[in-house]
Amino acid sequence: MSPGKTKSRSFPPISECKSGEYDSIAADLDGTMLLSRSSFPYFMLVAIEAGSLFRGLILLLSLPIVIIAYLFVSEAIGIQILIYISFAGIKIRDIELVSRAVLPRFYAGDVRKDSFEVFDKCKRKVVVTANPIVMVEPFVKDYLGGDKVLGTEIEVNPKTMKATGFVKKPGVLVGDLKRLAILKEFGDESPDLGLGDRTSDHDFMSICKEGYMVHETKSSTTVPIERLKNRIIFHDGRLVQRPTPLNALIIYLWLPFGFMLSIFRVYFNLPLPERFVRYTYEILGIHLTIRGHRPPPPSPGTPGNLYVLNHRTALDPIIIAIALGRKISCVTYSVSRLSRMLSPIPAVALTRDRAADAARMRKLLEKGDLVICPEGTTCREPYLLRFSALFAELSDRIVPVAMNCKQGMFNGTTVRGVKFWDPYFFFMNPRPSYEATFLDRLPEEMTVNGGGKTPIEVANYVQKVIGGVLGFECTELTRKDKYLLLGGNDGKVESINKTKE
């Protein structure tokens, strides 16, 4: 096939694409495979999550310059500005982690249905995009089922392993550079299908056997997330909503007020008795929903109840204390000494030594009630991780509690970020809400000592009961699985610290 320019031609809309299986396809990403034509939100996510809120602000303020360059100078210059501001000076490893841990959730909610259905039927799937390969490749391969991403390659300083903000030759992959990339990838065998959404895509679409335009229409819909190649169970990042220019502007306008509100919400309630906090929460815009029978405090000389929760945020044990109207102890792994000191309820650090931790928790139960989250880490999506069976060996007075929360602007959990700020980010949401549903205490026949069940059987039973109440799916995934995917470590404090070095 000649590398010379081909004569442009018009292309029919994707609605005219015949159903059936094709051998190969080359498809653009923004506006074609994705409903949105703008890649700005994803650059904003990289700027904030791999960089900082300040870098994200610089990117937002630079948007008018980007738009002018994109429309009146060249598409390549506009994208180069986005890349420079978002990437310059950031470690390539941090960009890769954000691309794997943060971006897929936002991409997945924006996949265009008609394009995906055509793309999915093809055997060899190639995405050709102006976006940096490092940014889109994890999503394309893991969730769209793509075989290859042809995109812009960013330049990395080999000494510091940081992005320079510039791109490797031949430059930003737009227009004719997309055509040349397709020629290099496919050789003499043209792709059967070419999908694009703008005039600059005509260059590579012209060398495909069939080409279809993906026009922006009001009737266009997104693919249900469960239709993608993998489920999104784990994800990281502080932002809840996709940071479109309008959303990003709202976030930055809210930030100073949200931060002050968060500080007030935390430290105003900190010295108050738990029985009053439920009402002050409502006054301060934090909605609590408490359901089920709340057991009374244990009688003197009687062991306490073991409250077993699914884990949504670090606030779970505090919400239980507020619901019960009294202080109760909780156990934790990777929380700093400062966080434990500021906790309104006693928080005892565990060591991950099974025997030592079990002995410590038994002593706490002898003194009163105890809260434990056997998942070992939080999960944001409607899934439950595997419950560690250790709690079942400690007591037969087990009370399952189903926890859920809603956050409209910021996520109150993190893998790569500083965990100290988790509660503050939760309270920065304008109207956060929490739900706690107390379930009946486990019947004697479903316990280890009273019913002869194994600890694993008890743990699986409790997980199933809580999952049924919440409508969450039970999984066998663990804390280690989460941290390997999102943080590149096994979740232990020493591993997390080593990864950040």
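I take buried to mean under 20% relative accessible area. The model is a predicted one.

**Entry 1: strand β1**

I began with β1, residues 24-27. Which residues of β1 are buried on each side? Ser-24 and Ala-26 are buried on one side, and Ile-25 and Ala-27 are buried on the other, so both faces of the strand are covered. I noted the general rule beside this: in a regular strand the side chains alternate between the two faces of the sheet.

Then I looked up the partners of β1. β1 pairs with β2 in the parallel sense, over 4 bridges. β1 is also joined to β6 (residues 193-196) by 3 bridges, again running parallel.

At the β7 end, 4 bridges join β6 to β7, which run parallel. There I picked out Gly-194, whose bridge partner in β7 is Gly-211.

**Entry 2: helices against this sheet**

I checked two helices here.

In helix α10 (residues 176-186), I listed Lys-178, Arg-179, Ala-181, Ile-182, Leu-183 and Phe-186 as buried. For the spacing I kept the general rule in mind: an α-helix has 3.6 residues a turn, so residues three or four places apart point the same way. What do the buried residues of α10 pack against? They pack against β1, β2 (124-132), β3 (148-152) and α11 (202-205). After α10 comes Gly-187, with a positive phi near 65°.

I took the pair α2 and α3 next. The axes of α2 (residues 40-51) and α3 come within 6 Å and cross at roughly 150°. Angles over 145 degrees count as roughly antiparallel, and α2 and α3 are therefore roughly antiparallel to each other. From α2 the contact uses Phe-40, Phe-43, Met-44, Ala-47, Ile-48 and Gly-51, and from α3 it uses Leu-53, Arg-55, Gly-56, Leu-59 and Leu-60. I sorted the contact by class: 8 nonpolar, 2 polar and 1 charged residues.

I then turned to α3 with α5. Helix α3 (residues 53-61) packs with helix α5 (residues 75-87) at an angle of about 160°, and their axes are 9 Å apart. That makes this pair roughly antiparallel too. The crossing of α3 and α5 is right-handed. Arg-55, Ile-58 and Leu-59 of α3 meet Leu-82, Tyr-84, Ile-85, Ser-86 and Phe-87 of α5. By class I have 6 nonpolar, 1 polar and 1 charged residues for this contact. Arg-55 and Leu-59 of α3 are listed in the contact with α2 and again in the contact with α5.

**Entry 3: the mixed sheet**

I moved further along the chain. In what order do the 7 strands of the other open sheet lie? The order is β8-β15-β14-β9-β12-β10-β11, and the pairing is mixed. The edge strands are β8 (287-291) and β11 (347-349), each pairing on one side only. Here neighbouring strands are turned by 25° against each other on average, direction ignored.

Helix α14 (residues 316-324) packs on this sheet and touches β8, β9, β10 (329-332), β12 (370-372), β14 and β15 (433-438). The direction of α14 makes about 65° with that of β15. I also checked one parallel pairing within the sheet: 4 bridges join β9 (residues 306-309) to β14 (residues 398-406). In that pairing Val-308 has Pro-400 of β14 as its bridge partner.

**Entry 4: Leu-342**

Last, I looked up a single residue. Leu-342 lies in helix α15 (residues 337-342). Is Leu-342 buried or partly exposed? At 30% relative accessibility, Leu-342 counts as partly exposed. Leaving out residues up to four places away in sequence, Leu-342 touches Tyr-267, Leu-270, Phe-420 and Tyr-424. I also noted a separation of 36 Å between the C-alpha atoms of Leu-342 and Pro-443, which are 101 residues apart along the chain.

Key: Residues numbered from 1 in each chain as written. Predicted model: local features only at pLDDT ≥ 70, side-chain atom pairs only at ≥ 80, totals over all residues. Heavy atoms only, no water. Pairing = 2+ DSSP bridges. Axes fitted to C-alpha atoms, helices over the stretch in contact; angles between N-to-C directions. Contact = heavy atoms within 4.5 Å. Parallel < 35°, antiparallel > 145°, perpendicular 65-115°, else oblique. Left-handed = near helix turned anticlockwise from the far one by under 90°. Nonpolar A, V, L, I, M, F, W, Y, C, P; charged D, E, K, R; others polar. Buried < 20%, exposed > 50% of the residue type's maximum accessible area, 1.4 Å probe, protein only.
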